[in-house]
Amino acid sequence: MTEDPRGNRTLSWTAARRTALRAQGIGGSRRTEAPDTATSRRALVRTLERTHLLQIDSVSVFARAHHLPVYTRHGRWDPAALDRASRPGRSRLVSESFAHEAAFVTDEVQHLLHFRRRTVSERDWGALREVAVSSPHLFPRIHEALAEIGPAGAAAISRHLGDTERPDGWGWRRTRTQWAVEYLFRTGALDCVGRSAQFERLYVSAASEAGVGEGAGPPADAPTEEESIAALTALALRALGIAEPATVADYFRLPVLRVRPVLEAMVARGEAREVEVAHSAGVRTMLLHPEAPGASPVRGSALVSPFDPLVFHRPRLEALFDLEYRLGIYTPAPRRTIGYYSLLFLHGDVFPALVDLGADRARSVLEVRGAFRPPLPHLPARSRPDQEQMLEALACELELAARWQGLASVEVRTGAGMRELAGPLAAVLARR
């Protein structure tokens with residue numbers, strides 16, 4: 001970082017990318033051998049120390065989104081460690097909550113999100129606000145049902161209470177009981193203790209905040225909303241290392257108008273500093289956390305989930321990494337440009353490729369259903385890796401990903417629609 005005669009601190013674009021990666025715990029050594037239970041738990045703990053949360057997603061064409069961030073940072077690990085770490089008990093590390101969408105969050109974040117649980121009936125979905133007013137009689141019945149049948153999903157609870165009436169039409173066709181269960185979960189009155197084979201939440205009555213959805217007061221040590229937003233803002237900037245205010249706000253889905261004054265106060269106290277990033281498209285002012293890692297070169301490669309905390313905020317992904325990304329699962333097939341569920345391939349400090357992966361478990365094959373070269377329109381030529389070297393690294397990473405998922409081989413689909421890198425990647429894999 002340099003400083004001009006006016007005292008402005010300037011960071012190169014490359015240094016900003018490296019700082020962002022290292023702040024997220026990316027760029028260290030990654031495990032290639034099969035892990036044991038203790039190793040997997042350590043990898044999970046070290047990831048959470050950096051990210052504070054793992055976004056949950058049900059798509060499993062390759063691997064669950066909440067399993068990939070640990071793999072990205074630490075290589076092979078056993079995702080069963082996360083299942084164990086999310087169950088109530090002395091070894092619990094995370095709870096399921098609504099942070100950046102549905103996510104596993106640390107105890108610290110769960111505590112700071114109490115204000116969000118407290119205001120469900122005022123600020124959440126219209127259906128949840130409505131059920132709080134129209135159907136409070138269901139709340140004690142749901143707790144009684146769980147006491148009778150044990151951990152259960154919303155559909156099972158609804159059936160147990162004899163509520164099977166669903167609205168006509170498309171969209172969320174939930175019973176009244178299912179909406180009431182969702183409401184109680186979002187208020188903290190129900191706890192998620194795992195997922196069914198269909199990826200449905202399994203609920204129990206929460207010990208720590210039971211009754212929140214029924215009008216009980218907040219825990220005695222609950223922070224105020226202002227205190228929570230200030231603390232979450234500081235956590236987000238530390239996790240990001242370097243970011244603009246909108247990115248900091250997006251990390252825990254906080255209102256940016258509430259986050260900006262917190263960041264201004266942090267700058268005034270020396271808890272953050274403004275820097276100018278010398279971007280090819282023009283200088284960008286960002287905030288740098290004082291404990292952000294140095295910008296040492298990032299070695300190695302890794303696959304990155306589109307739901308990884310590193311890339312939560314798409315404008316930041318474009319500003320720092322020159323990558324415009326649009327997830328294909330939300331795009332009609334004829335309009336998809338990068339496949340259905342493409343992972344980002346990180347090589348050094350750039351994303352020179354995207355790969356659309358699928359696990360054919362019947363054949364024990366990791367399928368590459370598309371391999372794409374993003375344009376990266378502003379990235380200088382000197383920052384772009386040699387294609388042959390990059391493809392060798394990608395082939396190695398795909399083989400590691402296959403072993404992690406218990407698959408025997410990697411197969412690249414080639415031909416029409418598989419895009420520009422599919423053929424060269426297949427040739428590299430064939431030589432290995």
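In this predicted model, the largest nonpolar core comprises 82 residues, and those with the most contacts inside it are Phe 351 and Leu 425. Helix H16, spanning residues 387-404, gives the most to this core, supplying 10 residues. The core draws on two of the domains, with at least three residues coming from each of domain 1 (2-106 + 227-288) and domain 3 (322-430).

Leaving out residues up to four places away in sequence, Phe 351 touches Leu 344, Phe 345 and Leu 346, together with Pro 374 and Leu 376. Its partners also include Val 304, Leu 310, Val 311, Leu 317, Phe 321 and Leu 323. Another core lies apart from the 82-residue one; this other core has 28 residues, with Val 105, Leu 232, Val 248 and Ala 272 among them.

The protein chain is divided into domain 1 (2-106 + 227-288), domain 2 (107-205) and domain 3 (322-430). Taken over C-alpha atoms, the centres of domain 1 and domain 2 are separated by 29 Å. To the contact between them, domain 1 contributes 27 residues and domain 2 contributes 18 residues.

Turning to helix packing, helix H9 (residues 138-149) packs with helix H11 (residues 176-187) at an angle of about 85 degrees, and their axes are 10 Å apart. An angle of 65 to 115 degrees counts as roughly perpendicular, and H9 and H11 are therefore roughly perpendicular to each other. On the H9 side, the contact is made by Leu 138, Phe 139, Ile 142 and His 143. H11 meets them with Arg 176, Thr 177, Ala 180, Val 181, Tyr 183 and Leu 184. Sorted by class, the residues in this contact are seven nonpolar, two polar and one charged.

Finally, Pro 69 is worth a visit. This residue is found in helix H3 (residues 68-74). Pro 69 has a relative accessibility of 1% and so counts as buried, the cut-off for which is under 20%. Setting aside neighbours within four places in sequence, Pro 69 is in contact with Thr 47 and Leu 54, and also with Asp 308 and Pro 309. Pro 69 and Leu 357 are 288 residues apart in sequence, while their C-alpha atoms are 16 Å apart in space.

Technical notes
Residues numbered from 1 in each chain as written. Predicted model: local features only at pLDDT ≥ 70, side-chain atom pairs only at ≥ 80, totals over all residues. Heavy atoms only, no water. Axes fitted to C-alpha atoms, helices over the stretch in contact; angles between N-to-C directions. Helix = DSSP H or I, 4+ residues; strand = E, 2+ residues; numbered from the N terminus. Parallel < 35°, antiparallel > 145°, perpendicular 65-115°, else oblique. Contact = heavy atoms within 4.5 Å. Nonpolar A, V, L, I, M, F, W, Y, C, P; charged D, E, K, R; others polar. Core = buried A, V, L, I, M, F, W, Y, C linked by side-chain atoms within 4.5 Å. Buried < 20%, exposed > 50% of the residue type's maximum accessible area, 1.4 Å probe, protein only. Domains from an automatic or database assignment.
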